[in-house]
Amino acid sequence: MSSSIACIIYNDKKILIAHRNPTGDMGNRWEFPGGKIDEGENAEQAIIREMMEEFSVKATVHEKITETTFVHKNKECSLEAYLVSLEHDGMKTPYVLTEHTEYKWVDPQEIRNLSFVDSDLKLYPDVLEFLRKTFG
């Protein structure tokens with residue numbers, strides 16, 4: 001089973017989402033930043049690596065929020081969501097994107113109105129509940 005991570009980056013009542021490049025299965029859709037956990041890595045190491053590779057920013061990993069499984073190309077996959085903070089918000093100093101065309105900070109409720117990656121949508125109800133309980 002392959003394992004992936006989703007970074008829930010929450011700041012000032014907004015959540016960071018990223019728009020995927022047009023190529024690939026889920027191209028041109030919005031997602032929580034993240035990616036695959038490589039062999040020999042744990043989730044924290046994968047988050048730190050992915051955020052540096054995809055956004056050129058240092059990440060700090062906090063607690064695990066939730067997890068789910070999904071099937072991709074007839075293969076079962078696991079996806080874990082973690083609360084993550086970044087060294088800056090990407091506004092004054094933009095993030096350098098390698099896997100995405102853009103990013104934005106949105107109200108978490110807006111996600112339901114966007115073309116969002118299916119696997120991340122499976123995490124979405126638990127993420128909303130976590131944000132409500134943790135940040136009010």
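Where in the chain is lysine 13 placed? In this predicted model, lysine 13 sits in the loop between β1 and β2. Its phi is near 65 degrees, a positive value in a residue other than glycine. That is worth a second look, since most residues other than glycine have a negative phi.

Stepping back to the overall fold, the protein is built from 2 helices and 7 strands. Going along the sequence, these follow the pattern β-β-β-β-α-β-β-β-α. The radius of gyration is 14 Å, close to the 14 Å that the globule rule gives for 136 residues, so the protein is as compact as a globular protein of that length. Its C-alpha atoms fill a box of roughly 40 × 30 × 30 Å along the principal axes. Taking the contacts with a separation of 6 or more, 65% are made by residues 24 or more positions apart.

What about the surface and the charges? The accessible surface of the protein comes to about 7,500 Å², and carbon and sulfur atoms hold 46% of that. Buried residues, for their part, account for 47% of the 136 residues. On the charge side, there are 16 positive and 24 negative side chains, with the centres of the two sets 4 Å apart.

Now for the inside. In soluble globular proteins, nonpolar side chains tend to be buried together. Here the largest nonpolar core has 22 residues, and those touching the most other members are Ile8, Ile15, Ile17, Phe32, Ile111 and Leu131. Two or more residues of this core come from each of β1 (2–11), β2 (14–20), β5 (59–72), β6 (75–86) and α2 (118–135). Helix α2 gives the largest share, 6 residues. There is also a second, separate core of 20 residues, which includes Ile37, Phe55, Tyr82 and Leu86.

With its neighbours within four places in sequence left aside, isoleucine 17 is in contact with Trp30, Glu31, Phe32, Pro33, Tyr103, Lys104, Val106, Ile111, Leu114 and Phe116. Two of these partners, Phe32 and Ile111, are also listed among the core residues that touch the most other members.

Serine 4, in strand β1, is another residue on the inside. With a relative accessible area of 13%, under the 20% cut-off, serine 4 is buried. Not counting residues up to four places away in sequence, it touches Gly35, Lys36, Ile37, Ser78, Leu79 and Glu80. Of these, Ile37 is part of the second core.

Back to the loops. Serine 56 lies in the loop between α1 (43–55) and β5. Its relative accessible area is 35%, so serine 56 counts as partly exposed. Glycine 24, found in the loop between β2 and β3 (30–31), is exposed at 61% relative accessibility. Glycine 24 and serine 56 are 32 residues apart in sequence, and their C-alpha atoms are 22 Å apart in space.

Terms used:
Residues are numbered from 1 along each chain as its sequence is written. This is a predicted model: local features need pLDDT of at least 70, side-chain atom pairs count only at pLDDT 80 or more; totals for chains, interfaces and linings use all residues. Side-chain values use heavy atoms; hydrogens and water are left out. Helices (H or I, at least four residues) and strands (E, at least two) are DSSP runs, numbered from the N terminus. The radius of gyration is taken over C-alpha atoms; the globule rule is 2.2 Å times the number of residues to the power 0.38. Buried means under 20% relative accessible area, exposed over 50%, partly exposed in between (1.4 Å probe, protein chains only). Contact means heavy atoms within 4.5 Å. Accessible areas come from the Shrake-Rupley method with a 1.4 Å probe; for residues, only the protein chains shown count as cover. Lys and Arg count as positive and Asp and Glu as negative; His and the chain ends are not counted. The place of a charge is taken as NZ of Lys, CZ of Arg, CG of Asp or CD of Glu. A nonpolar core is a set of buried Ala, Val, Leu, Ile, Met, Phe, Trp, Tyr and Cys residues joined through side-chain atoms within 4.5 Å.
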